[in-house]
Amino acid sequence: MSEEKKNGTPRSRAGGSGVRPAGPGAGGGAVAAMARPVTPGRIALYVLLLIGGVLVAPAGALLQAAWFPGGLLLALAGLTGLLYGGGRATETVSGVLVPGAAWLVTVFLLLGTTRPEGDFLFGAGLGSYLFLLGGILVAVICATVAQRRALGAPPGRAA
């Protein structure tokens with residue numbers, strides 16, 4: 001008779017019992033993170049993060065063009081601080097996604113288009129492309145870190 005039929009719980013291929021432990025750090029954090037109440041303070045924090053994402057985009061675009069390569073590193077460090085700080089302040093993935101989406105929309109839609117006069121904020125140089133791709137990479141990394149923290153995954157290598 002198989003192990004599954006003896007005790008009525010399905011077994012995983014890794015040899016576990018199929019029963020997950022309850023408690024913090026055991027996957028229950030995702031439910032707790034989704035069940036956070038919507039308060040006026042939380043809404044104000046998300047609005048501030050949204051405004052911060054919109055403001056970091058043109059500031060970083062101007063800074064990376066003014067002092068290449070140091071300005072590029074400083075612009076990406078500012079974006080990293082906003083995204084990581086938003087995730088830590090709200091303790092949710094939304095704290096990273098809100099300013100990240102605001103930054104992305106601002107950079108690609110508002111700053112990437114040319115005006116009728118022919119002016120635009122981004123040049124066609126290496127620094128602009130590194131700022132765009134580096135910002136996306138920073139947003140993905142910060143969202144992944146925030147998601148792992150929200151799910152209660154321990155830091156370190158995945159087993």
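Me: In this predicted model, where is Glu91 placed?
Reply: Glu91 sits in the loop between α4 and α5.

Me: Which peptide bond is cis, and what is its omega?
Reply: The bond from Phe68 to Pro69, with omega near 0°. Most peptide bonds are trans. Pro69 belongs to the loop between α3 and α4.

Me: Why are α3 and α4 called roughly antiparallel?
Reply: Helix α3 covers residues 40–66, and helix α4 covers residues 70–90. They pack at an angle of about 170°. The cut-off for roughly antiparallel is over 145 degrees. The angle passes it, so α3 and α4 are roughly antiparallel. Their axes are 9 Å apart.

Me: How do you know which residues of α3 and α4 meet?
Reply: Contact means heavy atoms within 4.5 Å. On the α3 side the residues include Leu45, Leu49, Gly52, Gly53 and Val56. Among those they meet in α4 are Leu72, Ala75, Leu79, Leu82 and Gly86. The residues of this contact divide into 11 nonpolar, 7 polar and 1 charged.

Me: What makes the nonpolar surface patch?
Reply: Leu104, Val105, Phe108, Leu109, Leu133, Ile136 and Val140 make it, with about 620 Å². Patch residues need over 30% relative accessible area, and nonpolar side chains are joined within 5 Å.

Me: Which helix supplies the largest share of the patch?
Reply: α5, with 4 residues. Phe108 is placed in this helix. α5 (94–111) and α6 (126–151) each supply at least two patch residues.

Conventions. Residues numbered from 1 in each chain as written. Predicted model: local features only at pLDDT ≥ 70, side-chain atom pairs only at ≥ 80, totals over all residues. Heavy atoms only, no water. Axes fitted to C-alpha atoms, helices over the stretch in contact; angles between N-to-C directions. Parallel < 35°, antiparallel > 145°, perpendicular 65-115°, else oblique. Nonpolar A, V, L, I, M, F, W, Y, C, P; charged D, E, K, R; others polar. Patch = residues over 30% accessible without salt bridge, like charges linked within 9 Å, V, L, I, M, F, W, Y side chains within 5 Å. Areas by Shrake-Rupley, 256 points an atom, 1.4 Å probe, with all protein chains shown as cover. Salt bridge = Lys/Arg side-chain N within 4 Å of Asp/Glu carboxyl O.
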